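Welcome to a short tour of a protein model.

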Amino acid sequence: MHRFLTAALIFLVLACPASAVTVTVAYAPSDQALVNPFIGNAAWAGDPAPRQQPFTLVYANLRWADFEPQPGEYDFEGFEAQNHFDKWRAEGKRLILRFVMDLPGKKKHLDIPGWLYDLTGDGKFYKVDYGSGYCPDYDNPVLMDAHRRAIAALGAHYDGDSFVAYVELGSLGHWGEWHIHEKAGKMPEESVRDQYAQAYADAFKTVRLMMRRPFRFAAENGFGLYNDTSGEPGATLTWLDWIASGGEYDETGENSLVRMPDAWRDAPVGGELSTSMTMRDLLGDNLDRTISLFESCHTSWIGPGSFVDVPRDGPLQAALDRLNRTVGYRLLVSSARLDASEGKAELSVTWQNDGNAPFYFGWTPCLRLTDSAGAARRIPLELNLQEVLPGAPVTVDVDLDGLTQGEYEVEVAIPDPETGTPGVLLAMDSKIQSGWYLLMSFSL
């Protein structure tokens with residue numbers, strides 16, 4: 001049996017009868033840099049090259065022209081091959097997906113299928129400082145109906161797939177960012193935008209959906225939010241003001257932004273880094289400001305523009321480690337108390353989140369009780385990890401029945417429901433074995 005660690009504080013009280021025991025332990029939060037699922041930096045899925053920094057997320061744009069070359073024929077195989085899904089699945093990564101129909105480029109081109117352009121053709125080819133491309137007429141009912149069918153096909157294929165973590169509501173605007181250059185076209189009004197959003201709500205029931213701004217539809221449907229100018233002070237503060245105050249959507253002049261200051265408690269926040277900032281801008285003299293912005297946003301992930309290519313162990317590594325400790329969740333067991341006697345025990349376990357956001361997925365933490373003969377049993381904890389908010393510890397109680405005289409170890413982990421093995425590193429200094437953290441040892 002392992003003996004307890006100096007990192008924990010243990011108080012052992014023996015009472016009558018001799019078999020009764022009380023054990024209390026406490027753990028301080030660890031400052032260790034952790035690489036955990038669903039959070040942190042994302043890499044481009046289409047680029048399989050090694051990255052300097054560890055990551056658990058990959059990002060892919062799904063261009064409509066590639067996805068549906070013929071009406072009703074959806075090329076999942078080509079999309080997945082181009083973005084190396086087999087590789088990322090095998091490595092345990094998870095996907096951020098955005099469907100797009102207008103990607104500004106260097107030359108005149110279409111990002112909607114050619115057959116759909118032939119049926120509509122009422123959009124506008126543009127050449128502006130963003131680049132060149134084609135902005136569809138988003139009010140066109142033929143376009144809207146085809147879009148609904150395409151998103152329905154996406155949902156039928158990917159909803160419920162544990163590989164797909166987040167789907168951003170792209171579709172509208174340049175890069176699917178819900179804004180259009182004034183010389184390239186215009187955004188539709190709210191009643192039309194809501195129909196595009198409804199296609200996603202109908203198609204995806206388990207995947208986490210996210211919108212670029214705090215639209216009324218996002219608030220009413222519990223969507224997360226993403227900010228594609230992360231780290232840039234002016235743009236991010238404007239984005240935060242939309243969330244705090246609501247107000248006018250500048251693309252259409254409608255009062256269609258609503259207050260969502262507490263949305264992060266229930267739905268994730270992400271987004272890529274602003275292209276106007278360098279890594280040194282973000283992680284050098286402005287590090288405190290950068291961290292403050294991410295903390296204010298309650299950011300869980302960054303990408304596809306992210307920090308994955310910051311040189312490992314280079315001059316910016318310490319700053320990046322500090323920033324990474326503020327992005328997403330950092331879960332730990334901060335204390336536990338065991339009262340055992342006469343073949344049973346009551347155990348109280350207090351969970352703490354020292355990160356900046358909840359754990360948004362329905363994984364169930366477990367205890368593992370092992371006796372001196374090596375026989376082990378798992379005990380799921382009745383705890384919704386999403387309710388373990390930053391700065392708000394949660395205690396869960398569990399009965400350990402059927403104990404006989406002997407020695408025991410209690411360990412804790414958060415298993416990945418897909419594999420059954422521990423999938424989350426905890427921010428606590430305790431002996432760890434295959435993802436299980438030792439809580440305490442006791443004898444009866």
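## Words to start with

Two strands are said to pair if DSSP finds at least two bridges between them. Helices (H or I, at least four residues) and strands (E, at least two) are DSSP runs, numbered from the N terminus.

This is a predicted model, in which local features need pLDDT of at least 70, side-chain atom pairs count only at pLDDT 80 or more, and totals for chains, interfaces and linings use all residues. Residues are numbered from 1 along each chain as its sequence is written, and side-chain values use heavy atoms, with hydrogens and water left out.

## How confident is the model?

The predictor's confidence in each residue, from 0 to 100, is called pLDDT. For the protein chain its mean is 94, and 96% of the residues reach 70 or more. Residues 1-17 are another matter: their pLDDT is below 50, although this stretch has 46 contacts in the model beyond near neighbours in sequence. Contact here means heavy atoms within 4.5 Å. Where pLDDT is low, the predicted coordinates should not be read in detail.

## The parallel sheet

Let us begin with an open sheet of eight strands, paired in parallel and ordered E13-E10-E9-E8-E5-E4-E3-E14. Its edge strands are E13 (269-270) and E14 (301-302), each of which pairs on one side only. At the E14 end, strand E3 (residues 40-44) pairs with E14 in the parallel sense over two bridges; Asn41 has Ile302 in E14 as its bridge partner.

Now move along to strand E9. What joins E9 to its partners? Three bridges link E9 to strand E8 (residues 164-168), running parallel, and two bridges link E9 to strand E10 (residues 224-226), also running parallel. You can find Val167 opposite Leu209 in E9, and Met211 has Leu225 in E10 as its bridge partner.

## Crossing over, and both faces of E9

From E8 the chain goes through helix H6 (residues 190-203) to E9, making a right-handed β-α-β crossover. Right-handed means that, with the strands pointing away from the viewer, the path from the first strand over the helix to the second runs clockwise. From E9 to E10 the chain passes through helix H7 (residues 216-221), and this β-α-β crossover is right-handed too.

In a regular strand the side chains alternate between the two faces of the sheet. Buried means under 20% relative accessible area, exposed over 50%, and partly exposed in between (1.4 Å probe, protein chains only).

## The antiparallel sheet

Another open sheet has five strands with antiparallel pairing, in the order E18-E17-E20-E22-E21. Strands E18 (376-380) and E21 (432-433) stand at its edges with a single partner strand each, so one side of each is left without a neighbour in the sheet.

Strand E20 (residues 407-413) pairs with strand E22 (residues 436-443) in the antiparallel sense over six bridges. Val412 stands opposite Tyr437 in E22, while Val410 has Met440 as its bridge partner there. Six bridges also join E20 to strand E17 (residues 366-371), running antiparallel, with Asp371 opposite Tyr408. E20 is mostly covered, as six of its seven residues are buried.

## Nonpolar cores

A nonpolar core is a set of buried Ala, Val, Leu, Ile, Met, Phe, Trp, Tyr and Cys residues joined through side-chain atoms within 4.5 Å. The largest one has 126 residues, and among those with the most contacts inside it are Leu154, Phe204 and Trp351. A second, separate core of 15 residues includes Phe294, Phe307, Leu320 and Val327. In soluble globular proteins, nonpolar side chains tend to be buried together.

## Residues worth a visit

Leu116 sits in helix H4 (residues 114-119) and is buried, with a relative accessible area of 0%. Leaving aside neighbours within four places in sequence, Leu116 is in contact with Trp64, Gly121, Val142, Leu143 and Ala146.

Trp178, in the loop between E8 and H6, has a positive phi of about 60° although it is not a glycine; at 1% relative accessibility, Trp178 counts as buried. Finally, the peptide bond from Gly303 to Pro304 is cis, with omega near 5°, and Pro304 lies in the loop between E14 and helix H11 (317-324).
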